[in-house]
Amino acid sequence: MKKWNLSFLFVAALAVLWSCKKDDSPTSPEAVEINYAFANVAGASPNATTYVTGTKDLNFTNLTTGNGAEQANFASMWRYKQDVYLTASGAPATMTRYSFDNTGKPVVAGKLVVPGANTFSSVEFINDSVAFASVGGGLARVVRFHPTEFRITGEVNLTPILKTGATSTFYLGMKSRSGKLFMGVHYFNGPNPLYDSAYVAVIDIAQSKVDKLIADGRTCAIFQSGSSVNAFALDATGDIYILGLGSAKVPSGIVRIKNGETNFDPSYFFDLKAAAGKDCRNLWHFGNGLTFTTRVVEPSDPFELNGPNYEFYKIDLANKTSLGKLSTLPKVFGSSAATMRKFDDNEILFVVAGANENAMYSFKISDGSVSRKFTMAGNRCTGFYKLK
Amino acid sequence: MIPTALQKSFLPLLLVFVCNAAIAQVIVAGKITNKNNEPVSNASLQTGEIKMLSNEEGLFNLTLPSGRKTIYVSHISYHPKAVEQVLKDGDSVWLSIQLQSVYKTLQEVQVQTSGAPGAVGKHPIAATIIEAKRYYSRSANTADIINTAAGVRVRQDGGLGSRAEFSLNGITGKGIKYFLDGIPLDYLGAASGLNTLSPSVIERIEIYKGVVPVELGADALGGAIQMISRKDLPKYLDATYSIGSFNTHRVSLNSRYSLKNKLYVAGNGFFNYSDNDYKVDVEIPNASGNPEKHRVRRFHDKFKSFWLNAEAGGTQTAWADVFGVGLIRSGVEREIQNNIVMTQPYGRTNVEENTITSYAKWSKKNLLRHLAGVAYIGYNRSNRHFLDTSLNAYTWDGKIANRRFSGGEISGSRNDLRLHTDNVIGRLNLTWSKDSLHSVNANIVYTTYTRKGEDAVAENFYGKDFYNYPTQLRKLVTGLAYQHLFSTLKLTSVSSVKAFSFDADGFSIVGNDIKANQQNTLQYGASQAFKWQPNASFLARVAYEYATRLPDEYELFGDFILVRPNPNLTPEISHNINTGLQLNHPKWSTAVSGFYRSTDNIIYLRSSQFYAQYQNLLKAKITGVEAECTVRPHPYFILNVNGTYQNIINKTSLLNSGSPDGRYYNLRLPNIPYLFGNGELSFQLPAGKRQNRFQWWYNVNYVHWFYLYWSLDGRPDLKVTIPSQVVQNTGTSYGLKNGSYVLSAEVHNMADVKVYDNFSVQRPGRSFHLKLRAFIK
């Protein structure tokens, strides 16, 4: 009888357990297609870093970092097709490739490392098998890599463009056109420019070799790069416009390399300082006369130690004039987080990272009106792309 | 009328005689004291089945049958002691038994009031006391020892001699000040850092969390750590040698010789060396630039330090209880292996520093009626050399992967920097105590700091040698404290005020011009502490301090290049509150403390794309609790456990937070441990007839995982964390002739786990150590 009782209890317990068993049939999360990628620096001092987030569309009012991949240090973001590439600051120079899986999660899909360099300072994708990346930190080279296989395939030796007397040399900003890669070069002598000139290295893409170094003394310091600032613009005719920050002796301004040429166009110089009243940095050109820059507000703090210090300006490349400040926007971090993108013919999206907001604004092409499209968690958006 | 205390003292003796007359057994009476001759109450005495406790005055009496008897004496806060005595019928025996404190007690702080032996008193300001003697036979450095205390975290970047950052109840870095015998360690030069200082030169360590006595004259925001140097015996020689994994060698020598208690010479020194070539898991890029995982030995992390101190003086003269003059020669050589997150190895960068210090000290208990004084004056010169000129770029296998055309391994300019620093310090401490109920303590510390240097390599880069312009800093810290004992309430009160001032002369670079830059500040502080001790078993404390830390010269003037000067920096301030309860029992003791800090104007380096500047940015509220328990289940065993939970909450204003919204307000600050603890079990056999001792110990250190960045950002599965750590160490020692010769063996990080104090920076794995000690007195 006792055995029967025990058996009954055992069977009953099994039945209870079975009934309580969790339904563990596989339920795959809903597939999410990621079409836009954002890099946002988030956090309060002194703990802030970069988050990479993907979204299906732009139909939201606030972008959080909650679905983002956290970087171990500040990173700039680049894009090629469906993937984004994070170039972190801090040695060794490391580029991390992220894909978005079918749940929308950013997944590391490979890394490239260059020992001894501090960071990848500029990246330019040519096609599925060729891309170039300059490195900062004293190495005289541009790395050539295969974006699809994500491996280094060669380098461009920059020793021919080194200058005696330059204590450090920076390679910031790239634009490719017709088999040539144009790369900004800036020479320092201590904290000051070695020469008050703007320099661009012309690199033959097929041979991975420097053709020449061109200089223009009307402006100086092609010295900004990253996914969140920009100095190179290519117009519909194939002309390249390049912005120099200027120095104590020469103003910030825009120079041009005409289509088919590999020298600066002596007939063109846009004195931004004269036109806008103060020095400028950043250059975005979207065709049809839509060109923008950011102008410094307090010239004594160009690197914004004391907070945001730039304002968006619309400029006219052809007539070399300022079209005035863009709406009534607040001051933004123009030295580190001012990005503009055009994804369709209706609007231009741009980051307003200021003291009181980190938001994406819309510039309506049809009427020039400006409005906030959505806000973003974090301090400043340092990159956003439409994935193709 | 006979004073009550005297009556109590004579009572056992009276009992001895009375009982002796009544029966034919042996009466054994006596007094148990600690090494400061303070009575030890509730100490357990046992022989056979006979047991008793000492009373509040430490007195006891036992009635024992004649014969050879061993009386075992134990107390939770002291090492057990066995006293052997041959008792004859009719005898009456008086025993004076002195107990040695265990390594860490929950006692009150013994505050030096005059520096003279015996001139110590109890203090309401709570502190953790660590007796360094327990570690003389162990292969631990001072930072390791401090890391075992409740409320304390030491985060190191590597092996022997690596950078160590201390945190006391949540306040970190420059907010903590360090002293040796009341003198700031900054003024003792190279090798005096707690990551290198050998415990063999220390008698005990006092850790003040939040509230700091005026005797320690410094602008400490969140507490202070003071080392008291050894003054054990009039004549002794103590030598140790330790050998360990990673080619680690440590030698120490301490000695003192007194001539008729009038003159003395003393010397101490130590030498540390390690290759620090422990294995780390790293990534090395292959020919395609893709990183591959490797386990390699660190290849450029050698460390060497030494310290030699010679002192001579006199004691018990008409004008001084103690006076002496001394010289300290010390040095450090360190190879720098990697960047701050251990991703980029370096192969040629190193730093070395040498210091010579001269000093004179004096103390007099009865300087005037009721007045005692302590004075110290010292001067040192430090020469520091930082070399970072290599163009090589290394990978973790030690190979040269690339060669730069400019820039060093660390700095963009490259450096061959030689800095020369002259320090002068003067300290005067006066104590007036009319009776045991009132005392007044005044402390004044004046320091000057002058730095000048040269760097031809950086000069070639910048066009000017910025280091060639001198920087001067003069600091005056004064404090006044009044202590009053309300005897009927058994309540002690200490009230104090402090004043901190500095003026600094430096320069700043404006364009290509060098401009003189002068700054000065005056800041006040105050504290109030109460201690209530109704009996020997219970104690309660509460203390408050309005604390401050002045900006240092680097924060004020920057590095003249990329770190810009900030003439608007204000002192960091903090409201610190400590509360505590303590219970003592012969077989256990426990203490629970709560702490609160409200800090403001905390100075941080704010970086922009090109420049950086120190600014008053952070405001935080810290609350926490720490608990400690010591149990002696058996006279041979001691179990000590402690744990700390601290909640550091961001209170930074929107303006200073660097964030455009307030979503980080009231969140826990990241990258700071908030839950951690330690435990140690030790076993010690009492010395037998041959006075040989056996000891075994095991300890475990736990730190709960924490985020590197803010908790609300990022996917939980992709967040960067510093993982939980459980590090176990064990060791055993055997001593001959009452500890005159000790051989010890230890295993650190027994389980060979990966240890990270800081994100991504691996600390050593399992290591083995042997140590030999000879102590002659």
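How many residue pairs, both at pLDDT 80 or more, are in polar contact between chain B and chain A? The count is 23 residue pairs, where a polar contact is a pair of N or O atoms within 3.5 Å; within protein, one atom must be able to donate a hydrogen and the other to accept it, and residues adjacent in sequence count only if both atoms are side-chain atoms.

Before we go on, please keep in mind that this is a predicted model: local features need pLDDT of at least 70, side-chain atom pairs count only at pLDDT 80 or more, and totals for chains, interfaces and linings use all residues. Residues are numbered from 1 along each chain as its sequence is written, chains are lettered from A and ligands numbered from 1 in the order in which they are written, and side-chain values use heavy atoms, with hydrogens and water left out.

**Where the two chains meet**

On the chain B side, 57 residues are in contact with 61 residues of chain A; contact here means heavy atoms within 4.5 Å. About 4,600 Å² is buried between the two chains, and carbon and sulfur atoms give 55% of that area. Buried area is the accessible area (1.4 Å probe) that two parts lose on being put together, summed over both.

The rule also finds two salt bridges across this interface, a salt bridge being a side-chain nitrogen of Lys or Arg within 4 Å of a carboxyl oxygen of Asp or Glu. Glu70(A) and Lys719(B) meet through their side chains in a salt bridge of 2.6 Å, N to O.

Which elements of chain B supply at least two residues each to the side that touches chain A? Among them are strand E22 (279-285), helix H3 (456-462), strand E38 (588-607) and strand E39 (612-634). Helices (H or I, at least four residues) and strands (E, at least two) are DSSP runs, numbered from the N terminus. E39(B) gives the largest share of this side, five residues. Sorted by class, the chain B side has 25 nonpolar, 22 polar and 10 charged residues. In this sorting, Ala, Val, Leu, Ile, Met, Phe, Trp, Tyr, Cys and Pro count as nonpolar, Asp, Glu, Lys and Arg as charged, and the others, Gly among them, as polar.

**Strands and their partners**

E22(B) is joined to strand E23 (residues 291-297) of chain B by seven bridges, and the two run antiparallel. Two strands pair if DSSP finds at least two bridges between them. Pro285(B) stands opposite Pro291(B) in E23(B). The hairpin of these strands has five residues between them, and there Gly289(B) takes a positive phi near 85°.

Over in chain A, four strands form an open sheet in the order E4-E2-E1-E30, with antiparallel pairing. Strand E4 (69-70) and strand E30 (380-386) are its edges, each pairing on one side only. Strand E1 (residues 36-42) and strand E2 (residues 49-55) of chain A run antiparallel and are joined by seven bridges. Phe38(A) stands opposite Thr53(A) in E2(A).

**Two residues of chain B to look up**

Arg153(B) lies in strand E12 (residues 152-156). It counts as buried because its relative accessibility is 4%; buried means under 20% relative accessible area, exposed over 50%, and partly exposed in between (1.4 Å probe, protein chains only). The side chains of Arg153(B) and Asn147(B) are joined by a polar contact of 3.3 Å. Leaving out residues up to four places away in sequence, Ser74(B) touches Ala43(B), Ser44(B), Pro80(B) and Arg632(B).

**Salt bridges**

Over all chains, a search of the whole structure finds 49 salt bridges. Here are some examples from chain A.

| Pair | Closest N to O distance |
|---|---|
| Asp83(A) and Arg97(A) | 2.9 Å |
| Arg151(A) and Glu149(A) | 2.5 Å |

Asp83(A) and Arg97(A) are both buried, and so are both Arg256(A) and Asp265(A). Arg151(A), by contrast, is partly exposed at 32% relative accessible area, and Glu149(A) is partly exposed at 46%.

Chain B has a network of salt bridges as well, linking Lys174(B), Arg549(B), Asp552(B), Glu555(B) and Glu572(B).
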